[in-house]
Amino acid sequence: MSKKILVTGGTGFIGSHTTVELQNSGYEVVIVDNLSNSEANVVDAIAQITGKKPAFEQVDCTDKAAMKNVFEKHGPIEAIIHFAASKAVGESVEKPLLYYRNNIGSLINLLELMKDFKCNNIVFSSSCTVYGQPDQLPVTEQASIKKAESPYGNTKQICEEILVDTTNAEPWLQAIALRYFNPIGAHPSTLIGELPIGVPANLIPFVTQTAIGIREQLSVFGDDYNTPDGSCIRDYINVVDLAKAHVVAVNRMFEKKNKSNYEFFNIGTGRGLSVLEIVDIFQKVAGVKLNYKIVGRRSGDIEQVWADTSYANNELGWKAQESVEDTLLSAWKWQLKLKEKEESK
Ligand code: WQD
């Protein structure tokens, strides 16, 4: 019988792509999502891609009683991949308690329920935001954790600390934190992708929405950074590559290949690209001219960060495969598909 994985936040951007990869690898998935930032029809799209509909429960992970019901109804659950979290950096500054309650409360509930229901494995969505502006680039997992720039970033740090302390205290528990760099792109089927609500805060959805005419102009936040072209540098990783890293992490714990009860890995490509390089590549692959202008810096932005992926590559046997060209093209195709759907309504 195939093992059952609970995917919290499974209808979201990364969660949905990960559910597809889990099902394609033979796992059975139970999705829990409160749909605060995603749509229920993503479950059908996953079914269309994989030929199998994952179980779905519209539940908020901060509701422990409801989560307990999920464990009772769908158990035994062999592992959890915990994506469910609030993730808007700006909003977290305005509503810090919402972020602390959601992001930290959910993890505590899950860890308590894992003990009660004898579920021993958890993969946690962490972020390169824990490094702040690293002193050395590319950044390795050994880099120091910098004081978080936002309550959102702080919740990721605190959750990692909770996992360190809990794996120390509870030898049955195994946890892997994946520190994502900047996930972008969409599934090649164009059936799932990123669905930002309102005005996108992230670069790629803003780029594709500008290219298609939903936004008038892309603002490039600063060209006076200490980088070759003056714009900020990030490590943009294809969401399907990222999703596959989760399958590898789960397998690693099932196969007891992990070196300690708590491990953490950089999940990026190892390549840094500037905002202006992204704009340039996008224009080439999409064959469209992007209306953009350089504006002032965005507060809280890190100047440059990209991953040293050698530890993840060697230890996990995982490596990002997709080129940034194909990845940007997939984001563009997804945007075109959304427009098509909108027009056929
Ligand atoms: C990328 C680059 C911007 C929009 C954030 C979180 C991180 C992660 C992903 C969660 C930056 C520039 C952007 C625009 C621009 N977590 N930009 N014009 O800030 O690296 O990471 O999202 O969900 O934790 O901090 O990503 O996509 O917002 O920005 O010039 O309209 O694009 O300044 O250099 P970021 P981003």
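This is a predicted model: local features need pLDDT of at least 70, side-chain atom pairs count only at pLDDT 80 or more; totals for chains, interfaces and linings use all residues.
**Entry 1: helix α7 and helix α11**

The angle I looked up for α7 and helix α11 (residues 324-343) is about 55 degrees, and their axes are 10 Å apart. The handedness of the α7 and α11 crossing is right-handed. I then listed who touches whom. On the α7 side I found Ile 204, Pro 205, Thr 208, Gln 209, Ala 211 and Ile 212. On the α11 side I found Leu 328, Ala 331, Trp 332, Gln 335, Leu 336 and Lys 339. Sorted by type, the residues of this contact are eight nonpolar, three polar and one charged.

**Entry 2: helix α7 and helix α9**

Next I stayed with α7, which covers residues 203-212, and turned to helix α9, residues 275-286. These two pack at about 40 degrees with their axes 11 Å apart. The crossing of α7 past α9 is right-handed. From α7, the contact takes in Leu 203, Ile 204, Val 207, Thr 208 and Ala 211. From α9, I noted Val 275, Ile 278 and Phe 282. How many residues of this contact are nonpolar, polar and charged? I counted seven nonpolar and one polar, with no charged residue.

**Entry 3: helix α3 and helix α5**

I moved to helix α3 (residues 64-74) and helix α5 (residues 96-116), whose axes come within 10 Å and cross at roughly 40 degrees. That angle makes α3 oblique to α5. I looked up the handedness of the α3 and α5 crossing and wrote down right-handed. Lys 64, Met 67, Lys 68 and Phe 71 represent α3 in the contact. Asn 109, Leu 110, Glu 112 and Leu 113 represent α5. The residues of this contact split into four nonpolar, one polar and three charged.

**Entry 4: the ligand**

Which residues are closest to the ligand? I found 20 residues around the ligand, and the closest are Leu 203, Ser 219, Arg 234, Arg 298 and Asp 301. Leu 203 had already come up in my list for the contact of α7 with α9.

For Asn 182, a side-chain N or O atom is 3.0 Å from an oxygen atom of the ligand. For Tyr 152, a side-chain N or O atom is 3.2 Å from a nitrogen atom of the ligand. For Ser 127, a side-chain N or O atom is 3.3 Å from an oxygen atom of the ligand.

**Entry 5: backbone details**

I looked for cis peptide bonds. One joins Gly 75 and Pro 76, with omega at about -5 degrees. I placed Pro 76 in the loop between α3 and β4 (79-82). Another cis bond runs from Leu 137 to Pro 138, with omega near -5 degrees. Pro 138 sits in the loop between β5 (121-127) and α6 (151-169).

Leu 35 has phi near 60 degrees, and I located Leu 35 in the loop between β2 (28-33) and α2 (42-50). Thr 190, which is not a glycine either, has a positive phi of about 55 degrees. Thr 190 belongs to the loop between β7 (182-184) and α7.

Methods
Residues are numbered from 1 along each chain as its sequence is written. Side-chain values use heavy atoms; hydrogens and water are left out. Axes are lines fitted to C-alpha atoms, for helices over the stretch in contact, and angles run from 0 to 180 degrees between N-to-C directions. Helices (H or I, at least four residues) and strands (E, at least two) are DSSP runs, numbered from the N terminus. Angles under 35 degrees count as roughly parallel, over 145 as roughly antiparallel, 65 to 115 as roughly perpendicular and the rest as oblique. A crossing is left-handed if the near helix is turned anticlockwise from the far one by less than a right angle, and right-handed if clockwise. Contact means heavy atoms within 4.5 Å. Ala, Val, Leu, Ile, Met, Phe, Trp, Tyr, Cys and Pro count as nonpolar, Asp, Glu, Lys and Arg as charged, and the others, Gly among them, as polar. A residue is near a molecule or strand if one of its heavy atoms lies within 4 Å of it. A polar contact is a pair of N or O atoms within 3.5 Å; within protein, one must be able to donate a hydrogen and the other to accept it, and residues adjacent in sequence count only if both atoms are side-chain atoms.
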